[in-house]
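This report describes selected side-chain interactions and surface features. The sequence and structure are shown below.

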Amino acid sequence: VPMPRPESFENPPMYVAVMTYLGFGIVTLFGYFRDFLRAVGLEKCHIAREREEQKDFVPLYQDFENFYTRNLYMRVRDNWNRPICSLPGPVFDVMERVSPDYNWTFSLTGKTIDDVINMGSYNYLGFAENDGDFLKTVADRTQQYGLGVCSTRQEMGNLAIHEELEQLVASFLGVESSMIFGMGFATNSMNIPALVGKGCLILSDELNHTSLILGARLSGATIWVFKHNNMQSLERLLREAVCSGQPRTHRPWRKVLIMVEGIYSMEGSVVRLPDIVALKKKYKAYLYLDEAHSIGAVGPTGRGVTELFGLDPSDIDVMMGTFTKSFGAAGGYIAGKKELVDHLRSHSHSAVYASAMSPPVTEQILRAMKCIMGLDGTTVGQARVHQLAENTRYFRSRLQEMGFIIYGNDDSPVVPILLYMPGKVVAFSRAMLKRKIGVVVVGFPATPITEARARFCLSAAHTKAMLDQVSTTHFELDS
Amino acid sequence: MLFIDYSSAFNTIISTKLRTLGLNTSICNWILDFLMGSPQAPAYHLVLEGILILWIIRLLFSKTYKLQERSDLTEKEKEDLIEEWQPEPLVPPMSKDHPSLNYDIVTGPPSHKIIVNGKECINFASFNFLGFLDNERVKQKALTSLRRYGVGTCGPRGFYGTFDVHLELEDRLAKFMKTEEAIIYSYGFATIASAIPAYSKRGDIVFVDEAACFSIQKGLQASRSFIKYFKHNDMEDLERLLKEQEIEDQRNPRKARVTRRFIIVEGLYINTADVCPLPDLVKLKYKYKVRIFLEESMSFGVLGEHGRGVTEHFGVNIDDIDLISANMENAVASIGGFCCGRSFVIDHQRLSGQGYCFSASLPPMLAAAAIEALNIMEEDPVVILIWFRFFIFMYDLVNKYFQIDSYSAVKSVIGEVYAPALHLQLERSSGSRDTDVRMLRSIVDYCLERQIALTLARYLDKEERFLPPPSIRVVVTIEQTEEDIEKAASCIREAALAILK
């Protein structure tokens, strides 16, 4: 088993935390002041209002629910939802927006900012491409099949190409069988309830994605949260679960399911898979691994975290992943033993009530996966996987040399850089766009209040020159 | 009062002795002053303080006591428990010939002439109402989009996943439906299932029709609100529930002022193929101050003069409906869904709709196909009128066959005259759902043999709140000719006679 690569999560220095809290405090006070001005009528109110005919209905939104949106988010929301008008490749064209009234409304000027370096899209292996040759089969399928399917998998929507893709995914991952779904988010929210229910226990990592949390809630099982990637916390909960049973009645739990992700997209950390597999075997729990960001992006041949740690795929009970990130398409899959997949074919909410995957999207995944596996006769796929690993190593070491605080594992292509203060984060994003680099910034409430960050997503399609330009610009901006 | 005088308690300390111990003079003086200068104190005061100090010392050193901890389990016992515990298998065992395990395989496109299990059939099972699945114009627009944008968007709407195509589609949908704003989701099921929990939270009240589809049920489950079901399309039952709620409100007016209320109905119900009485609902809305959410997946593109859905069909002002949600996977023959309404309502979902914020956006080629489908719908509304005729024809035909037959009324047709997706149910159930399902399946197989593609309406038996009876789904689309419909009707009749005798 290869040694796990180092991970680092430095804590912010004290003065930074204090300044951040102070900053938020001041902005909140201002917010109350402005609300007062709006109520009194001294300030123009831009917010949409309820209809006259429905003014005496119970208000649809409570004032405090929208406080954050009105007063804090509105001022800085030009950093998100930036529309683009080209392929989301290594460079893209961002549409220019202006706002005459401090971001309450936007209008497009019609001009575009061309050739912005794309450090925000999840394009790990560079399959977001529009080359006519590469996309020939996709175009053929569109011509032959059309776009939609107009039915569910169990009714008239089970196409032969879906079954072909399912077999390919199973052989890609090295498992017995797999099933595909039309949406990555829905793969989690519609299948977890089919696997666990009342009387079962879910042990979920602190930083799990919303789709996992929604699926766990909809299932009706009890949810206990363990600290992020912390094996002592997990073991303590497992012991407690097995020894004490369900709360109050002390009946034994029907099943225990551990839910983790391969790479956590906000932290850039990689799950401690060998430890978790050892724990799960000891306590007879089941493991649900969500490889949304790690499939195709880590591992010597792009097979995900199981390959990265050299584990046997049959040790993972439920392998889930999405096709949006590394394969440049849309949708998700669940793979594992044949009994598991057969159960999902008849009990998954998606198979019975939701539309099947669109044929051109299926073809795109087929061709991307064949490319990575080398089944199309070229080594393009393998080259891309290596290129991504190269780019990750190079970019991280450069930023570390320059003295930035980076989070996460050295192997993960997601690179979060801590900026802490909300004002800094906003200024950073705007300044980078001026210098034709598109980055993603995240702050409260997606991250803890003192840990606002910028996140770079590397791609195999980025050239060394682009990475150099990004790191030097970052360095310039910081100083 | 008993007093204890201390001033003479330490008389016997000789100051010189202290000095010989090596203490500094000033310290000695300070100590002597302290000891001699102690004030007189009542006895009870000292006793109480003494007891208090002893109690504090006891508390500090005693073990902490937790009520929940099973402190009697030794390590060995824990190890034994861990070894003995046997969880259930991850999935329960399933028989190989479980009916929902074997899917019908469609080779090639699911268009009008569909190849099911190797046999070419006429398609009466896909929701391709307006025939856009085969439409050349739609395909060409999608190909142009493919050549420009590739396939996937590689990100959610907030992080460079917003394309100009998405903005255009939202704009077009809003204009088509004559509302202020529209918002797109990348999957039809996730649309209403994300919209409901964005507005209705714990403590709010939702009145839902019993025949509501599964995605509405999941949305309600995620919202954690109080759910009150009223009988299908029964306005009196709904009014009864609303009156009860009104009485409840008068008992607790403060709580009533912050409890939001919603009615959720579908325009054309997928489970029963009939229409909701929208004008009556709007009257109830203003009488009891409840907001209406309308799910129009089946009726979008189908009902109304221009295909705008059940609001156009009944002539209701669209601003009276707070939210209209529909998926683009039926009439529009693409993938995805949208919600439309006033900006005041819709804009909230851009930050609170989970399926919008936390999921990748719709692939641009699918959005482009939807735009083109909308274009065609706007250009040529006559398209809508044409298949009205077909539905009525189909409905009459099936009814005609079943009325004149002596073995008549073995099956009944469920659905409105102008519903594009009908259900055929057994008139008399055999008593067991499994047997009914098997009989209906043999009818479907019989028809597949004779080149008519039908399907059983599928449900999750254990998950549905009000499980509809087993039925065969028959879909009428614009591409079917009159001969096709006659052939299908006679085939179904033959099958019924052969199998249900």
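## Salt bridges

Across all chains, the structure holds 53 salt bridges. The model is a predicted one, and the values below are computed from it.

In chain A, the side chains of A:K338 and A:D342 form a salt bridge with an N to O distance of 2.9 Å. Both residues belong to helix α10 (residues 338-347) of chain A, where they are four residues apart, about one turn of the helix. The limit for the buried class is under 20% relative accessible area.

In chain B, a salt bridge links B:K231 and B:D237, whose closest N and O atoms are 3.9 Å apart. B:K231 counts as partly exposed, with a relative accessibility of 45%, while B:D237 is buried at 8% relative accessible area. Another salt bridge joins B:D347 to B:R350, with 3.8 Å between the closest N and O atoms; B:D347 is partly exposed, at 34% relative accessibility. Salt bridges also connect A:E50, B:K285, B:R291, B:D322 and B:R342 in a network.

## Surroundings of A:E129

A:E129 is located in the loop between β4 (107-118) and α3 (136-145) of chain A. A:E129 has a relative accessible area of 10% and is therefore buried. Its side chain makes a polar contact of 2.8 Å with the side chain of A:R367 and another of 3.1 Å with the side chain of A:R384.

When residues up to four places away in sequence are not counted, A:E129 touches A:L87, A:F134, A:L135, A:R367, A:R384 and B:G150.

## Overall organisation of chain B

Chain B contains 19 helices and 18 strands. Of its 501 residues, 55% count as buried. Considering contacts in chain B between residues at least 6 apart in sequence, 69% join residues at least 24 apart. The chain exposes about 23000 Å², of which carbon and sulfur atoms supply 56%.

## Nonpolar surface patch on chain A

A nonpolar surface patch of about 1100 Å² is formed by A:M14, A:Y15, A:V18, A:M19, A:L22, A:I26, A:F30, A:F33, A:F36 and A:V40. One of these residues, A:I26, lies in helix α1 (residues 14-40) of chain A and is partly exposed, at 45% relative accessibility.

## Aromatic pairs

Over all chains, 21 aromatic pairs are found. A:Y61 and B:Y199 form a tilted pair, with 6.4 Å from centre to centre and 35° between the planes. A:Y61 lies in the loop between α1 and α2 (67-76) of chain A and B:Y199 in helix α7 (residues 188-199) of chain B, so this pair joins two chains. Both A:Y61 and B:Y199 are buried.

B:Y185 and B:Y356 form an edge-to-face pair, 6.1 Å centre to centre with 70° between the planes. Because B:Y185 is in strand β7 (residues 181-185) and B:Y356 in helix α15 (residues 354-357) of chain B, the pair ties together parts that are 171 residues apart in sequence. B:Y185 and B:Y356 are both buried.

Ring pairs also link A:Y61 and B:Y199 with B:F262, B:F293 and B:F344 into a cluster.

Notes. Residues numbered from 1 in each chain as written. Chains lettered and ligands numbered in written order. Predicted model: local features only at pLDDT ≥ 70, side-chain atom pairs only at ≥ 80, totals over all residues. Heavy atoms only, no water. Salt bridge = Lys/Arg side-chain N within 4 Å of Asp/Glu carboxyl O. Buried < 20%, exposed > 50% of the residue type's maximum accessible area, 1.4 Å probe, protein only. Polar contact = N/O pair within 3.5 Å; in protein donor to acceptor, adjacent residues only side chain to side chain. Contact = heavy atoms within 4.5 Å. Areas by Shrake-Rupley, 256 points an atom, 1.4 Å probe, with all protein chains shown as cover. Patch = residues over 30% accessible without salt bridge, like charges linked within 9 Å, V, L, I, M, F, W, Y side chains within 5 Å. Phe/Tyr/Trp six-rings, centres within 6.5 Å; stacked < 30°, edge-to-face > 60°.
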